[in-house]
Amino acid sequence: MGLSHRLELRQSQSLALTPQLLQAIRLLQLSHVELAAHIETELERNPLLERTDDSPAPDDGARPESPPDPAGPETPFPQTAQDTPQDTAHDATYDAAPETENERDWSPDEPRLQRDSIEDDFGTSFDNVFQDDGGPPRTESLAADEGLMVSSAPPHAGGNRDPDDTAPDIEATLAAGISLSDHLSAQLDLATADPAARLIGRHIIDAIDSAGYLREPTAEIAERLGVDEARVAEVLALVQSFEPTGVGARDLAECLALQLREKDRYDPAMQALVANLALVARHDHAALRKLCGVDQEDLNDMLAELRRLDPKPGRGFGHEPAQTLVPDAFVRRKGDGSLVVELNDATLPRVLVNRAYHVTLMRNARSDADRAFLSECLQSGDWLARSLDQRARTILKVASEIARRQEGFFLHGAAHLRPLNLKTIAEAIDMHESTISRVTANKAIGTDRGVFPMKYFFSAAVAATDGGDTHAAEAVRFRIRQLIGAETAARDVLSDDALVGKLREEGIEVARRTVAKYRESLRIPSSVERRRALAAKVP
């Protein structure tokens, strides 16, 4: 076989993922929280980007910053009293302010006479009543009468407060939340003065989780500190005597036992009940009556007392605030019954590229590297603004198509959900299925019935018994929850086979194992456990 050199011309098509395209794809799948963090990073990196939704607070006197003008500052409008600098306003006295009609009619001695009248009613002087804070708040008339300076500027905030200002600092009155570790450490310092016991106690407190349970064996703590395990157990008993009662327990049974001992209710019958919490969870009252040696009435009282205990004694300290699901779009019902879809402006950050500032900086650029950097910033800023606009348009398209396909849900509820997949939405709005997957990830829709993730509206199809329209799996789950929720007595409890029969009567063809899977996904116990729970209820 001979070797030779030759030239060939070939033509082919390929998709090149440019950095700009990668950025648009990445922004599409970010949640609004992640997007806000990304925008903050870009605002710090790119000097040409500006946030358009930033506006000064009504009382902070701030003004939006503008790029420096090489031609010098201009004043297109005459300066008004509101444009007076703060220093000038601070130097103005009350006497310089124009008098109103009411102020000209007042006697200059009237504020002083009012103060004398109030002092007569109290039977003492203002200086005696308000001697700690410099007297009561003075009215403007009283201050003018005494020749005092009155500032028309807003009060200073934060650490820039006037040292001569006697107004109370509201920020200083805010109470910081105390953590469980700090709460226990403070009690440890008061409970013992032994340095060794305090050292062991600190290690035990550090091993207690947010729920109040000790998550490290005492043997490991003793080995790490080089002390006897009995000594660690002794200090642990001291920590378990702290508030909240039940803290420092190693399991649920010990936590409940500590609280029962505090109430002096840890008798032999209650000990047997706490030692068999698995039977309590299964509502096996026959076995519990035999183990505890009590009748059903006493057992009901013991169970009621057990329910009043706190299984997580540490949850009242330093807990994180609940994270709410913020919708990216809203679907609202109009008066005529039609649906309107709109984006949530609060989750759409808006940025713009300051081209005037770019021109100014390019004029003052001293090197090619500076000009290249500014050009790159201008290009990346334009792409970011376009990507954000395209992201908003895509979310609106997808949300509108979801509202059109699932109109029954928005008008009548979850029972009217229809089967839907990503491919159906992609073909309807002429986009790729992967794009729809990115759009629906980490996004939510706000409705009159609550806020739902976009993925909630995509549900698999469940066949119908008569071969008609299929049913959405989420609608079947909703119907199972309704049927089980209607159970009021032990004889009304429906087994999985009975649920299958009920669903088939309604035209839903579903297998028993599918019903069991849906029931477990809803965290609903089996029919045996539900029957025991209903039978155990006290009439």
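Angles between axes under 35 degrees count as roughly parallel, over 145 as roughly antiparallel, 65 to 115 as roughly perpendicular and the rest as oblique. This is a predicted model, in which local features need pLDDT of at least 70 and side-chain atom pairs count only at pLDDT 80 or more, while totals for chains, interfaces and linings use all residues. Residues are numbered from 1 along each chain as its sequence is written, and side-chain values use heavy atoms, with hydrogens and water left out.

**Helix packing**
- The axes of helix α20 (residues 422-429) and helix α21 (residues 433-440) come within 8 Å and cross at roughly 110 degrees, and α20 and α21 are therefore roughly perpendicular to each other.
- On the α20 side the contact (heavy atoms within 4.5 Å) is made by Leu-422, Lys-423, Ile-425, Ala-426 and Ile-429, and on the α21 side by Glu-433, Ile-436, Ser-437 and Thr-440.

**Salt bridges**
- With a salt bridge taken as a side-chain nitrogen of Lys or Arg within 4 Å of a carboxyl oxygen of Asp or Glu, the count comes to 27.
- Asp-189 in helix α8 (residues 180-191) pairs with Arg-202 in helix α9 (residues 195-206), 13 residues apart, and their closest N and O atoms are 2.8 Å apart.

**Cysteines**
- The structure holds 0 disulfides (pairs of cysteine sulfur atoms within 2.5 Å).
- Cys-255 is buried at 0% relative accessible area, and Cys-292 is buried at 10%.

Note on methods:
Axes fitted to C-alpha atoms, helices over the stretch in contact; angles between N-to-C directions. Helix = DSSP H or I, 4+ residues; strand = E, 2+ residues; numbered from the N terminus. Buried < 20%, exposed > 50% of the residue type's maximum accessible area, 1.4 Å probe, protein only.
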